[in-house]
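This briefing reviews the architecture of one protein chain. Please consult the sequence and the coordinates shown below while reading the points that follow.

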Amino acid sequence: MMNSWFGILFILITYLVFLAMRHVYNRFRMPLLNPVATTTLLIIVGLLLTDLSYDTYMLGGWWIQELLGPAVVALAYPLYHQRTKILRYRIPLIAGLFSGIVVGMVTGFIYVKVANLSSMYASSFLPKSVTSPIAMEIADLTGGLPSLAAALVILSGIIGALFGPGLMRLLGITHYLGIGVGLGCAAHGIGTAKAMEYGEEEAAFSSISMTLSALLYALILPVAIHYLL
């Protein structure tokens, strides 16, 4: 019974901190104040100051993590609403999707080889560009650590949401297709949340990129890890 109360308390604290950080972000609109990043940082600092373990926090965090699945499914709405444009741009969409997946996988394998990571840590690192539920399954199937894979997924999503918009401005990427595919492929759900700030079209393309890249990663990555690590 006590665990249930702790779980509810941590869900409430996380929600309130996120609302506060989102308010700060909406006021100042600075990339470094991304609410996912600042909320994560404050939660970590809070756990360190109060000497609470990660397992204790996850009494509530687990429920938030489980709600990620339905939240991803809800992204089907903007996707359906933009179906005409998705069909119109199907060729550049597929090209951008495959190039994003290939670059993500190749650079991931190069990094784990150069860093000489053990197979357990490599299997946890490589699904970094996939949404958390699928990344954890891939890590579990290939001998990695699902909890570490989830943490790396969140970290890569935060980095993508923080630096992706600036990089795309620098490269002159302004079309909603390029912005959506870039954020969806590289930064999954957190990137899609960022894409929603641009507009419904960017969110739709980011959503479909995140979904299809997760599907392809789930099919290809376990085989690639088996033969290449």
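Read along the sequence, the protein chain of this predicted model follows the pattern α-α-α-α-α-α-α-α-α-α-α-α. Its secondary structure comes to 12 helices and zero strands. The radius of gyration is 18 Å, close to the 17 Å that the globule rule gives for 229 residues, so the chain is as compact as a globular protein of that length.

**Overall dimensions**

- Taken along the principal axes, the C-alpha atoms of the protein chain fill a box of roughly 55 × 45 × 30 Å.

**Geometry of helix 11**

- Helix 11 covers residues 176–198, and its end C-alpha atoms are only 8 Å apart, whereas a straight helix of 23 residues would span 33 Å at 1.5 Å a residue.
- A kink of about 145 degrees occurs in helix 11, and this kink is centred on Ala 187.
- Gly 199 follows helix 11 and has a positive phi, near 160 degrees.

**Packing of helix 10 with helix 11**

- Helix 10 (residues 146–170) packs with helix 11 at an angle of about 85 degrees, and the axes lie 9 Å apart.
- Helix 10 and helix 11 are therefore roughly perpendicular to each other, since angles of 65 to 115 degrees count as such.
- On the helix 10 side, the residues that meet helix 11 include Val 153, Ile 154, Gly 157, Ala 161, Pro 165 and Met 168.
- On the helix 11 side, the residues in this contact include Gly 178, Leu 183, Ala 187, His 188, Lys 194 and Tyr 198.
- The residues of the contact of helix 10 with helix 11 divide into 12 nonpolar, five polar and one charged.

**Packing of helix 11 with helix 12**

- Helix 12 (residues 200–228) packs with helix 11 at an angle of about 80 degrees, with the axes 6 Å apart.
- This pair of helices, helix 11 and helix 12, is therefore also roughly perpendicular.
- In the contact of helix 11 with helix 12, the residues divide into 12 nonpolar, 10 polar and two charged.

Conventions
Residues numbered from 1 in each chain as written. Predicted model: local features only at pLDDT ≥ 70, side-chain atom pairs only at ≥ 80, totals over all residues. Heavy atoms only, no water. Helix = DSSP H or I, 4+ residues; strand = E, 2+ residues; numbered from the N terminus. Expected span 1.5 Å × (residues − 1). Bend = angle between axes of the 7 residues up to and from the residue. Axes fitted to C-alpha atoms, helices over the stretch in contact; angles between N-to-C directions. Parallel < 35°, antiparallel > 145°, perpendicular 65-115°, else oblique. Contact = heavy atoms within 4.5 Å. Nonpolar A, V, L, I, M, F, W, Y, C, P; charged D, E, K, R; others polar. Rg over C-alpha atoms; globule rule 2.2 N^0.38 Å.
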